[in-house]
Amino acid sequence: MLKLIITISIITLMNLSAIDLNLLVAFEALMEERHVTRAAERVGLAQPSMSSALKRLRALFADELFLRAGAGMQPTEKALALAGPIGEALRQIRGVLAPDQGFDPSTARRRISIAVTDYGDLVLVPELIRLLRREAPGIDLAVRPLTDATAALAKLERGELDALIGGHLPDSPRCVRHRLFEERFVCIRDMTRANGTENLSLEDYAALPHALFSSAGGDGLPSVIDGLLARHGLKRRVAMTLAHVVAVPFAVAGTDLVATMAERVARRFTHVAGIAVITPPFEIPAFAIDLVHSQRASADPALRWFLDAVSRCTGRLSG
């Protein structure tokens with residue numbers, strides 16, 4: 001209980017008796033939905049009542065908190081700073097008031113926000129969506145792009161995200177990391193040019209023009225593959241750099257290009273794009289796909305269930 005009081009104290013220096021707990025619930029809904037009408041529906045209020053709650057929140061915290069942006073609402077810097085402490089306080093209050101209340105995914109209503117890489121979008125998210133629609137149709141999933149891992153981790157720590165999924169994610173003492181599985185690299189070529197072969201010589205690999213996926217435009221920076229080729233006195237030519245991994249198989253199809261990419265992604269496009277998957281002519285180190293979440297998830301039954309759902313999905317992808 002002491003931790004709960006400390007957490008609420010972080011929210012504001014004013015007298016706690018001046019705070020209506022329902023306002024904090026309204027704030028949480030507005031932060032997650034970024035829309036007054038949807039936030040009202042989430043907590044069972046009429047739209048005018050939610051608008052009134054927002055007006056009281058603005059007066060309480062002496063800040064606009066949410067500004068109109070297109071069809072929704074954009075949180076201010078102060079709202080973003082308050083999101084973590086308010087969310088943590090409400091989670092602890094719910095835990096104290098209903099410590100033995102079971103979580104039923106089939107009837108639960110919840111919005112969960114995650115950030116994933118392009119790899120996660122293609123490989124894991126479709127499986128996860130199928131599981132959610134089958135077992136927890138009332139849970140809404142918001143999938144954000146994970147392009148800046150450091151910024152995404154900061155959002156996770158502030159409570160703006162519930163989890164990160166991807167490779168090469170940074171560490172944080174306030175977050176927990178779970179290894180989901182490892183991914184290996186393969187080569188892809190146009191189906192007809194591959195001519196049914198599953199092998200590619202080292203010399204042919206280096207001589208062929210390459211297509212490269214680089215979301216950050218890093219085509220001029222030596223990669224692990226370039227380092228491995230250099231050991232053999234070879235150098236490749238990157239003839240095409242693409243900003244989206246989904247574009248790579250279609251760039252390779254019908255051309256003389258070769259590309260090196262994650263196997264689970266490549267195999268999703270063998271028939272759609274008309275490409276062949278080929279074993280690289282040298283060993284390329286595999287990379288890990290991790291799930292990162294904040295420590296607060298242990299006190300949140302819905303998040304605990306969701307994290308287990310992610311693990312179950314990745315269990316089907318392993319092997």
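Student: What follows α11, and what's its phi like?

Tutor: Gly-233 follows α11, and its phi is positive, near 70°. Helices here are DSSP runs of H or I, at least four residues, strands are E runs of at least two, and both are numbered from the N terminus. This is a predicted model, so local features need pLDDT of at least 70, side-chain atom pairs count only at pLDDT 80 or more, and totals for chains, interfaces and linings use all residues. Residues are numbered from 1 along each chain as its sequence is written, and side-chain values use heavy atoms, with hydrogens and water left out.

Student: Which residues of α11 are buried?

Tutor: Ile-225, Leu-228 and Leu-229, where buried is under 20% relative accessible area and exposed over 50%, partly exposed in between (1.4 Å probe, protein chains only).

Student: And what do those buried residues pack against?

Tutor: They pack against α10 (202-207) and β10 (258-262), with contact meaning heavy atoms within 4.5 Å.

Student: Which ones are exposed on the other side?

Tutor: Val-224 and Arg-231.

Student: Switching topic: at what angle do α2 and α4 cross?

Tutor: Roughly 105°, with the axes of α2 (residues 21-33) and α4 (residues 47-61) coming within 10 Å. Axes are lines fitted to C-alpha atoms, for helices over the stretch in contact, and angles run from 0 to 180 degrees between N-to-C directions.

Student: Which residues meet there?

Tutor: Among them, Leu-23, Phe-27 and Leu-30 in α2 meet residues of α4 including Met-50, Leu-54 and Arg-56.
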